[in-house]
Amino acid sequence: MDPFQVGVAWLLKAEGVESNDPHDPGGLTRFGISQRAHPDVSVAALTEAEAIEIYRLRYWSAYRLDRLPPVIAIAVLDAAVNQGPRPAIRMLQHAVRVEMDGIIGAQTIAACYRADPDELLAGYCARRAVYYANLSTFGRFGLGWMRRLFALHALCDGLARRGVVAA
(Lines give C-alpha, C1' and ligand atoms only; values in the text may rest on other atoms or scores of the structure.)
Protein backbone atom coordinates (compact mmCIF):
# COMPACT_ATOMS: atom_id res chain seq x y z
CA MET A 1 0.00 0.00 0.00
CA ASP A 2 1.14 3.52 -0.70
CA PRO A 3 1.88 5.32 2.60
CA PHE A 4 0.45 8.61 1.34
CA GLN A 5 -2.85 6.94 0.40
CA VAL A 6 -3.00 5.20 3.78
CA GLY A 7 -2.27 8.47 5.58
CA VAL A 8 -4.85 10.45 3.62
CA ALA A 9 -7.52 7.80 4.14
CA TRP A 10 -6.77 7.96 7.87
CA LEU A 11 -6.96 11.77 7.90
CA LEU A 12 -10.25 11.90 6.04
CA LYS A 13 -11.79 9.46 8.50
CA ALA A 14 -10.29 11.13 11.59
CA GLU A 15 -11.17 14.67 10.52
CA GLY A 16 -14.65 14.09 9.14
CA VAL A 17 -16.25 16.26 6.49
CA GLU A 18 -16.82 19.60 8.21
CA SER A 19 -16.38 21.27 11.58
CA ASN A 20 -16.92 24.83 12.71
CA ASP A 21 -16.71 24.67 16.50
CA PRO A 22 -16.51 28.22 17.90
CA HIS A 23 -14.04 26.93 20.54
CA ASP A 24 -11.68 25.48 17.91
CA PRO A 25 -8.99 28.02 16.95
CA GLY A 26 -8.81 26.44 13.47
CA GLY A 27 -12.23 27.82 12.61
CA LEU A 28 -14.10 26.41 9.65
CA THR A 29 -12.53 23.08 8.68
CA ARG A 30 -13.39 20.70 5.83
CA PHE A 31 -11.67 17.33 5.42
CA GLY A 32 -9.09 18.50 7.99
CA ILE A 33 -8.17 21.65 6.04
CA SER A 34 -8.76 24.68 8.27
CA GLN A 35 -9.43 28.17 7.04
CA ARG A 36 -6.94 29.53 9.57
CA ALA A 37 -4.06 27.34 8.32
CA HIS A 38 -5.00 27.84 4.67
CA PRO A 39 -6.29 31.41 4.23
CA ASP A 40 -5.77 31.19 0.46
CA VAL A 41 -8.24 28.29 0.15
CA SER A 42 -12.02 28.64 0.03
CA VAL A 43 -12.53 26.01 2.71
CA ALA A 44 -16.33 26.34 2.58
CA ALA A 45 -16.29 25.12 -1.04
CA LEU A 46 -13.41 22.63 -0.69
CA THR A 47 -13.94 19.20 -2.22
CA GLU A 48 -12.43 15.98 -0.92
CA ALA A 49 -10.25 15.69 -4.03
CA GLU A 50 -8.93 19.22 -3.48
CA ALA A 51 -8.20 18.43 0.17
CA ILE A 52 -6.23 15.34 -0.86
CA GLU A 53 -4.19 17.44 -3.27
CA ILE A 54 -3.47 19.96 -0.49
CA TYR A 55 -2.29 17.11 1.72
CA ARG A 56 -0.05 15.83 -1.07
CA LEU A 57 1.50 19.17 -2.02
CA ARG A 58 1.52 21.20 1.19
CA TYR A 59 2.27 18.45 3.66
CA TRP A 60 3.55 15.16 2.18
CA SER A 61 5.79 16.67 -0.52
CA ALA A 62 6.59 20.04 1.07
CA TYR A 63 7.89 18.45 4.28
CA ARG A 64 9.57 15.47 2.57
CA LEU A 65 7.47 12.93 4.44
CA ASP A 66 8.01 10.46 1.58
CA ARG A 67 11.64 10.16 2.71
CA LEU A 68 10.74 8.89 6.18
CA PRO A 69 10.02 5.28 7.13
CA PRO A 70 6.44 4.79 5.85
CA VAL A 71 4.75 4.21 9.22
CA ILE A 72 6.47 7.24 10.73
CA ALA A 73 5.54 9.32 7.68
CA ILE A 74 1.87 8.49 8.27
CA ALA A 75 2.13 9.48 11.94
CA VAL A 76 3.93 12.74 11.09
CA LEU A 77 1.35 13.57 8.39
CA ASP A 78 -1.42 13.25 10.97
CA ALA A 79 0.49 15.41 13.45
CA ALA A 80 1.33 18.04 10.83
CA VAL A 81 -2.35 18.43 9.98
CA ASN A 82 -3.66 18.26 13.55
CA GLN A 83 -0.87 19.99 15.48
CA GLY A 84 0.94 21.95 12.77
CA PRO A 85 3.92 21.03 10.59
CA ARG A 86 6.65 22.68 12.66
CA PRO A 87 5.62 21.10 16.00
CA ALA A 88 5.10 17.75 14.26
CA ILE A 89 8.60 17.75 12.85
CA ARG A 90 10.22 19.09 16.01
CA MET A 91 8.59 16.29 18.04
CA LEU A 92 9.99 13.77 15.56
CA GLN A 93 13.44 15.33 15.83
CA HIS A 94 13.22 15.25 19.61
CA ALA A 95 12.31 11.55 19.45
CA VAL A 96 15.37 10.73 17.32
CA ARG A 97 17.66 13.11 19.22
CA VAL A 98 18.72 15.43 16.41
CA GLU A 99 18.69 19.21 16.20
CA MET A 100 15.09 20.40 16.45
CA ASP A 101 15.10 22.84 13.54
CA GLY A 102 11.67 21.86 12.18
CA ILE A 103 13.13 20.71 8.84
CA ILE A 104 13.19 17.12 7.65
CA GLY A 105 16.70 16.93 6.25
CA ALA A 106 19.35 14.27 5.83
CA GLN A 107 20.16 14.12 9.55
CA THR A 108 16.54 13.61 10.60
CA ILE A 109 15.89 11.04 7.87
CA ALA A 110 19.00 9.01 8.73
CA ALA A 111 18.17 9.10 12.45
CA CYS A 112 14.65 7.82 11.75
CA TYR A 113 16.00 4.84 9.84
CA ARG A 114 18.57 4.08 12.59
CA ALA A 115 15.93 4.16 15.32
CA ASP A 116 14.12 1.13 16.61
CA PRO A 117 10.77 1.36 14.75
CA ASP A 118 8.60 0.38 17.73
CA GLU A 119 10.37 2.74 20.09
CA LEU A 120 10.25 5.58 17.58
CA LEU A 121 6.50 5.22 16.99
CA ALA A 122 5.74 4.96 20.73
CA GLY A 123 8.06 7.83 21.59
CA TYR A 124 6.65 10.03 18.86
CA CYS A 125 3.07 9.38 19.92
CA ALA A 126 3.97 10.01 23.57
CA ARG A 127 5.46 13.38 22.64
CA ARG A 128 2.29 14.23 20.75
CA ALA A 129 0.24 13.37 23.84
CA VAL A 130 2.36 15.67 26.01
CA TYR A 131 2.01 18.46 23.43
CA TYR A 132 -1.78 18.08 23.46
CA ALA A 133 -1.88 18.03 27.28
CA ASN A 134 -0.12 21.39 27.42
CA LEU A 135 -2.65 23.16 25.17
CA SER A 136 -5.18 25.48 26.77
CA THR A 137 -7.97 23.72 24.84
CA PHE A 138 -7.09 20.26 26.22
CA GLY A 139 -10.02 20.27 28.65
CA ARG A 140 -12.48 20.65 25.79
CA PHE A 141 -10.80 18.57 23.06
CA GLY A 142 -8.31 16.37 24.92
CA LEU A 143 -10.34 13.17 25.09
CA GLY A 144 -10.95 13.27 21.34
CA TRP A 145 -7.28 14.00 20.65
CA MET A 146 -6.20 11.08 22.83
CA ARG A 147 -8.65 8.73 21.13
CA ARG A 148 -7.32 9.87 17.77
CA LEU A 149 -3.72 9.38 18.87
CA PHE A 150 -4.35 5.90 20.28
CA ALA A 151 -6.20 4.88 17.11
CA LEU A 152 -3.37 6.23 14.95
CA HIS A 153 -0.79 4.33 16.99
CA ALA A 154 -2.82 1.15 16.59
CA LEU A 155 -3.11 1.71 12.83
CA CYS A 156 0.61 2.41 12.37
CA ASP A 157 1.68 -0.42 14.65
CA GLY A 158 -0.60 -2.84 12.80
CA LEU A 159 0.70 -1.71 9.41
CA ALA A 160 4.28 -2.16 10.58
CA ARG A 161 3.64 -5.62 12.00
CA ARG A 162 1.87 -6.80 8.87
CA GLY A 163 4.38 -5.07 6.57
CA VAL A 164 1.60 -3.69 4.37
CA VAL A 165 2.99 -0.25 3.54
CA ALA A 166 5.56 0.08 0.80
CA ALA A 167 8.93 1.56 1.64
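**Note on helix packing, aromatic pairs and salt bridges**

1. Helix α4 spans residues 85-95, and its buried residues are Ala-88, Ile-89, Met-91, Leu-92, Gln-93 and Ala-95. This is a predicted model. The cover over the buried residues of α4 includes α3 (70-83), α5 (106-114) and α6 (117-133). After α4 comes Arg-97, which has a positive phi, near 60 degrees.

2. Tyr-59 belongs to helix α2, residues 48-61. Its relative accessible area is 6%, so Tyr-59 is buried, the limit being under 20%. Beyond the neighbours within four places in sequence, its contacts are His-38, Ile-54, Arg-64, Leu-65, Leu-77, Ala-80, Val-81 and Pro-85. With one of these, His-38, Tyr-59 also makes a side-chain polar contact of 2.9 Å. For orientation, Arg-140 is 81 residues from Tyr-59 in sequence, and the C-alpha to C-alpha distance is 27 Å.

3. There are 5 aromatic pairs in the structure. One of them joins Phe-4 and Trp-60 in an edge-to-face arrangement, with 5.5 Å centre to centre and 65 degrees between the planes. Because Phe-4 sits in helix α1 (residues 3-15) and Trp-60 in helix α2, the pair ties together parts that are 56 residues apart in sequence. Phe-4 and Trp-60 are both buried.

4. Tyr-132 and Trp-145 form a stacked pair, because their ring centres are 4.9 Å apart and their planes lie at 15 degrees. Tyr-132 is in helix α6 and Trp-145 in helix α7 (residues 138-162), so this pair ties together parts that are 13 residues apart in sequence. Tyr-132 is buried at a relative accessible area of 1%, and Trp-145 counts as buried at 15%.

5. The whole structure contains 9 salt bridges. In the one between Asp-40 and Arg-58, the closest N and O atoms are 2.6 Å apart. The two residues are 18 residues apart, with Asp-40 in the loop between β3 (33-34) and α2, and Arg-58 in helix α2. Asp-40 counts as exposed at 56% relative accessibility, while Arg-58 is partly exposed at 31%.

6. Another salt bridge pairs Arg-148 with Asp-78, and its closest N and O atoms are 2.6 Å apart. It links distant parts of the chain, from Arg-148 in helix α7 to Asp-78 in helix α3, 70 residues apart. What is the relative accessible area of Asp-78? It is 0%, so Asp-78 is buried; Arg-148 also counts as buried, at 10% relative accessibility. Asp-78 and Arg-148 are part of a salt-bridge network that also links Glu-15 and Arg-128.

7. The salt bridge between Arg-161 and Asp-118 has its closest N and O atoms 3.6 Å apart. Arg-161 lies in helix α7 and Asp-118 in helix α6, so the pair ties together parts that are 43 residues apart in sequence. Arg-161 counts as exposed, at 58% relative accessibility, and Asp-118 as partly exposed, at 39%.

Key
Residues are numbered from 1 along each chain as its sequence is written. This is a predicted model: local features need pLDDT of at least 70, side-chain atom pairs count only at pLDDT 80 or more; totals for chains, interfaces and linings use all residues. Side-chain values use heavy atoms; hydrogens and water are left out. Helices (H or I, at least four residues) and strands (E, at least two) are DSSP runs, numbered from the N terminus. Buried means under 20% relative accessible area, exposed over 50%, partly exposed in between (1.4 Å probe, protein chains only). Contact means heavy atoms within 4.5 Å. A polar contact is a pair of N or O atoms within 3.5 Å; within protein, one must be able to donate a hydrogen and the other to accept it, and residues adjacent in sequence count only if both atoms are side-chain atoms. Rings of Phe, Tyr and Trp (its six-membered ring) pair if their centres lie within 6.5 Å; planes under 30 degrees apart count as stacked, over 60 as edge-to-face and the rest as tilted. A salt bridge is a side-chain nitrogen of Lys or Arg within 4 Å of a carboxyl oxygen of Asp or Glu.
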